[in-house]
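User: Could you take a close look at the aromatic residues in this one, and then at the sheet? I'd like one connected walk-through.

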Amino acid sequence: MLDWLRNLWIAVITVAEALWVTLRRWLSTYQPRRRTFTEVYEFPEKPAILRPRFRGFHRYDLTSCIACGRCARDCPVSCIYIDRERVPGRKGFRVKSFVIDYSKCMFCGFCTENCPVDCIFMGQTYDLSAYSRDGCIVDFAKLPTEIAWGYGRLTPTAVVLSKFVLQPVDEGPQQ
């Protein structure tokens with residue numbers, strides 16, 4: 001019992017010391033004239049300023065993808081799922097679905113580096129809000145081509161509407 005009370009006392013002292021360090025740092029850097037974060041970035045009204053190498057939601061070109069699966073193999077968290085089928089009378093595969101689960105994706109960009117035909121890029125879209133995890137799962141093969149390739153904006157509405165599309169929107173490269 002005495003050891004338990006000693007451990008409890010050490011835990012309380014440790015937390016108090018950490019809070020004191022945080023409070024001391026906050027008081028030394030506090031500037032009353034500095035605006036708050038929400039005054040600087042008025043997000044819904046003014047979009048955030050993005051740097052050129054910003055890694056946002058992917059852009060994917062279904063028209064040039066050869067379904068090699070290299071992006072799915074290189075993904076460290078295994079959030080890319082490719083379903084493909086062989087097309088009779090033609091070389092290569094046809095992409096049936098190209099799904100990225102953004103609830104797992106860490107936006108590292110490894111999937112974009114080794115693509116042999118450069119069909120996947122990191123985009124500039126940063127807001128894909130959803131009320132359920134199903135809204136974080138994007139099938140790029142069923143999105144309209146202009147949205148998937150980045151000419152249009154990837155929105156939650158487009159993701160929901162793509163759930164009702166049964167076939168891919170494009171046949172892929174004609175080889």
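Analyst: Let's start with Phe 57, which is buried, with a relative accessible area of 10% (buried means under 20% relative accessible area, exposed over 50%, partly exposed in between, with a 1.4 Å probe and protein chains only). Before going on, a word on the basis: this is a predicted model, where local features need pLDDT of at least 70, side-chain atom pairs count only at pLDDT 80 or more, and totals for chains, interfaces and linings use all residues. Residues are numbered from 1 along each chain as its sequence is written, and side-chain values use heavy atoms, with hydrogens and water left out.

A search of the whole structure turns up eight aromatic pairs (rings of Phe, Tyr and Trp, the last by its six-membered ring, pair if their centres lie within 6.5 Å; planes under 30 degrees apart count as stacked, over 60 as edge-to-face and the rest as tilted). One of them is tilted: Trp 26 with Tyr 30, 5.2 Å centre to centre and 45° between the planes. Trp 26 is partly exposed at 48% relative accessible area, and Tyr 30 is partly exposed at 45%.

Phe 57 and Phe 107 make an edge-to-face pair, 5.4 Å centre to centre with 80° between the planes. Phe 57 lies in strand 1 (residues 57-60) and Phe 107 in the loop between strand 3 and helix 4 (110-113), so the pair ties together parts that are 50 residues apart in sequence. Helices (H or I, at least four residues) and strands (E, at least two) are DSSP runs, numbered from the N terminus. Phe 107 is partly exposed, at 22%. Together with Tyr 102, Phe 57 and Phe 107 form one aromatic cluster.

Three strands make an open, antiparallel sheet in the order 2-3-5 (two strands pair if DSSP finds at least two bridges between them). Strand 2 (80-86) and strand 5 (137-139) are at the edges with a single partner strand each, so one side of each has no neighbour in the sheet.

Three bridges join strand 3 (residues 93-101) to strand 5, and Ile 100 stands opposite Val 138 in strand 5. Asp 139 also belongs to strand 5 and counts as buried, at 12% relative accessibility. A polar atom of the Asp 139 side chain lies 3.0 Å from the backbone nitrogen of Phe 98.

Technical notes
Polar contact = N/O pair within 3.5 Å; in protein donor to acceptor, adjacent residues only side chain to side chain.
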